[in-house]
Protein chains: 2
Amino acid sequence: MKEKVSVGLLGLGVVGSGVIQLINDHREKLTHQLGCEVEVSKVLVKNLDKTRNIHINGDLLTTNPSDVLDHPSIDIIVEVMGGIDQAKEYILRAFNNKKHVVSANKDLVALHGPELQEAATKNRCDFYYEASVAGGIPILRGISEGLSTDHIQRVMGIVNGTTNYILTKMDEEGMSYEDALLEAQRLGFAEADPTSDVDGLDAARKMAILGRLAFSTPVELSDVEVNGIRGIELEDLRYGKQLGYTMKLIGFANFNDQELEVNVQPTLLSKNHPLSSVKNEYNAVYVYGEAVGETMFYGPGAGSLPTATAILSDVSAAIKGLRLGVSGSQSNEMQFTKTLTPINKRHSQYYIRLCVKDESGVLSKISSLFHEQDISFQRIVQTPVNDYEAAEIVVVTHDTSLSNFQHTLEKLKSFEAVMEIKSYYKVEGEVM
Amino acid sequence: MKEKVSVGLLGLGVVGSGVIQLINDHREKLTHQLGCEVEVSKVLVKNLDKTRNIHINGDLLTTNPSDVLDHPSIDIIVEVMGGIDQAKEYILRAFNNKKHVVSANKDLVALHGPELQEAATKNRCDFYYEASVAGGIPILRGISEGLSTDHIQRVMGIVNGTTNYILTKMDEEGMSYEDALLEAQRLGFAEADPTSDVDGLDAARKMAILGRLAFSTPVELSDVEVNGIRGIELEDLRYGKQLGYTMKLIGFANFNDQELEVNVQPTLLSKNHPLSSVKNEYNAVYVYGEAVGETMFYGPGAGSLPTATAILSDVSAAIKGLRLGVSGSQSNEMQFTKTLTPINKRHSQYYIRLCVKDESGVLSKISSLFHEQDISFQRIVQTPVNDYEAAEIVVVTHDTSLSNFQHTLEKLKSFEAVMEIKSYYKVEGEVM
């Protein structure tokens, strides 16, 4: 049996540096747990001369991918370079060279996970990517091992720290969306170009990965409907609060009657829902299983060391497989084929805010319109606004189908008393 | 390779029935995941004639332990009978017969876990007990695999649903301890004799198991200091709330400088702490790791199907080991020897409520007394009580050592102006 396992790194940014640091700091514990030493043998970097804030032997660095991917004694490749095409090419090459791969690359796994898994299985290699979803939270293992014998029916996630930070600031401090975004950028929680976060794309990638594992169904990124948080107004957070809800960007993945629905959207979440207390840059994934009921996994969604911790748990799993001679034994076969839930079977409650003409009988007319569409109200609030001719009506519906709701929206648009549909959001969870 | 794995059950109470139900309901999924069928071959029961609310072939039942433990084709024994001595005897016999064991028995694992693990390792058998802590929450796997390469420094758990239910009712509905206990008993969350729950013993067992795994240190049940919730007064919950805290029964396990501290005690927890939103009968375990930072695992702490889900995740792990030929590869070796943290190094904030003589200068005298012990205040509140001669003083200290705090308590007892020390509790987490 090997005395030493060699690891090669693709990339040495913040996460890669975290991996080096953890391996150095925990050398003794790793050796104790795994029964062998773990050694980083080569690291692919873009620039050999860059100053780095970790201690690493310069001889280990290379700009030639072959030095890592074709290195004869490297057993495990850790991909922390990011990007899609090149990372994919390198990982496929690693599998062909019978090397196991650990990746933190959610973009890549969301887009090409099944293909990469297939290449891994063909080469009897392991492919792990715990760090690709919710940074330091061991959620993929929780789903694939801890809850493996349950029928998971629903996964709901706050899986993007940037948007959760922005929404928390808006909710707790009454900051505008723009100010909260600036603050998030200042603190390093949001990038200069925040598109991927605020438009929900990052969350969508993670939901695709979660959905695949939770439901054993080939969820693709294009199956995920996405709405981001850009343009969310404080008014809706305030009305929500009044009614017992908190605004969160929620990724939903439902699997009922072998029909799949995955989406990411700003949602008014009941304050009684366990996800509603997840604040600032934290992430959490709520899982509802037929047998286990409600569980939730909470933790940091990003950061160098949390992400590196997840990577090292994967590296450990790969080393255990290697030492036990059982690498490549994960199944990549999905149990169910994919059927998307039609919109007439997608039920939810909705919140809708309308600007209406302030004239007598308007509330009852709108009531009737909803009633005709077979949608009943849980709450309806009418508020005069500053404009003497207008009033605001906020409605929270009972459960209705998305098709019904969309139909009602169309009707409202052409309804003479409705001046504007200000906003509408999905509503989730009972309020007391 | 085997086409079928046989499982024997010891016990067929609510949890055992749940195991049978899940195996029946998820037959197809299990076969898909494991590549073989899972079959229950024999079940040890006390009474063959008892009416049961699950469908089971009467031929499978037996009152003779040997029919299960010595059954030639049974590979895995699931122990859900409870109790200590007999369960231990049966499990040791199972290991001697080279059978893998899954147990949900927290009492047994807390008391004899290391000895049982040793017997398992000696016989190259697997021993799993995910269900023994926090029912359906896959926390043991989360710690031993997901966070395996981190230095876990602290584990805090709400690991007893009964007491959490009682405290939630007291906190939210102003029920007295006695009424809340009655309500919990009526709903089946508390037993007729609630001692093991309300006195914190059940939580202590789980903390011993968690501590062992989290710190790789041989924590014994006798290392856990325990204070239960009996006699908690609503006044302290109310003062706590006013100051920004919620009362929870918290299991603490700290490991710093290779020194160990494990205890269970009612604690005033900041409302900003993720555990503070865990309500009713739910459980949650908060883990602080040097690298990962804060994570939390939330879910049902008990119940037939959640517990059975955890048992089946263990059965699956054992079957995978069996099929891969790597059973018994878990290590039972602890990395660190055990040293308990001396009380002068155990730091915390404290809450203390005093009944004092209502005379001028008493507040400043008490201040000086704390000051002499080098304890500074975060908050101090004086309230007149109905009795014209008495007032109440509530103090929240800054961090201080337990030795210092105990010394101060002694001083207060002999202090002329102090009529009674009403209560004192550990305080955890910053309030804003």
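Predicted model: local features only at pLDDT ≥ 70, side-chain atom pairs only at ≥ 80, totals over all residues.
What is the volume of the second largest pocket?

1. Residues are numbered from 1 along each chain as its sequence is written, chains are lettered from A in the order in which they are written, and side-chain values use heavy atoms, with hydrogens and water left out.

2. The second largest pocket has a volume of about 1500 Å³, and of the 50 residues lining this pocket the closest to its centre are A:K271, A:S276, A:S277, B:S277 and B:K279. A pocket here is an open set of points on a 1 Å grid over the protein atoms alone, with protein on both sides within 12 Å along at least five of seven lines, whereas a cavity is a set of points where a 1.4 Å probe fits but cannot get out; lining residues have an atom within 4 Å of a point. Grid points are joined across faces, edges and corners, and a volume is the space filled by probe spheres set on the points.

3. In the lining of the second largest pocket, at least two residues each come from α7 (161-173), β9 (245-256) and β12 (293-300) of chain A and from α7 (161-173), β9 (245-256) and β12 (293-300) of chain B; helices (H or I, at least four residues) and strands (E, at least two) are DSSP runs numbered from the N terminus. By class this lining holds ten nonpolar, 18 polar and 22 charged residues, where Ala, Val, Leu, Ile, Met, Phe, Trp, Tyr, Cys and Pro count as nonpolar, Asp, Glu, Lys and Arg as charged, and the others, Gly among them, as polar.

4. There are two cavities of 30 Å³ or more.

5. In chain B, helix α4 (residues 85-96) packs on helix α5 (residues 106-122) at an angle of about 15 degrees, with the axes 10 Å apart; axes are lines fitted to C-alpha atoms over the stretch in contact, and angles run from 0 to 180 degrees between N-to-C directions. That angle makes α4(B) roughly parallel to α5(B), a term for angles under 35 degrees, while those over 145 are roughly antiparallel, 65 to 115 roughly perpendicular and the rest oblique. Residues of α4(B) including B:I91 and B:F95 meet residues of α5(B) including B:L108 and B:L116, contact meaning heavy atoms within 4.5 Å.

6. In chain A, helix α7 and helix α8 (residues 177-186) pack at an angle of about 130 degrees, with their axes 9 Å apart, which makes α7(A) oblique to α8(A). The residues of this contact are seven nonpolar and two charged, with no polar ones.

7. Helix α1 (residues 14-25) and helix α12 (residues 304-324) of chain A pack at about 65 degrees with axes 8 Å apart, and their contact has nine nonpolar, five polar and no charged residues.
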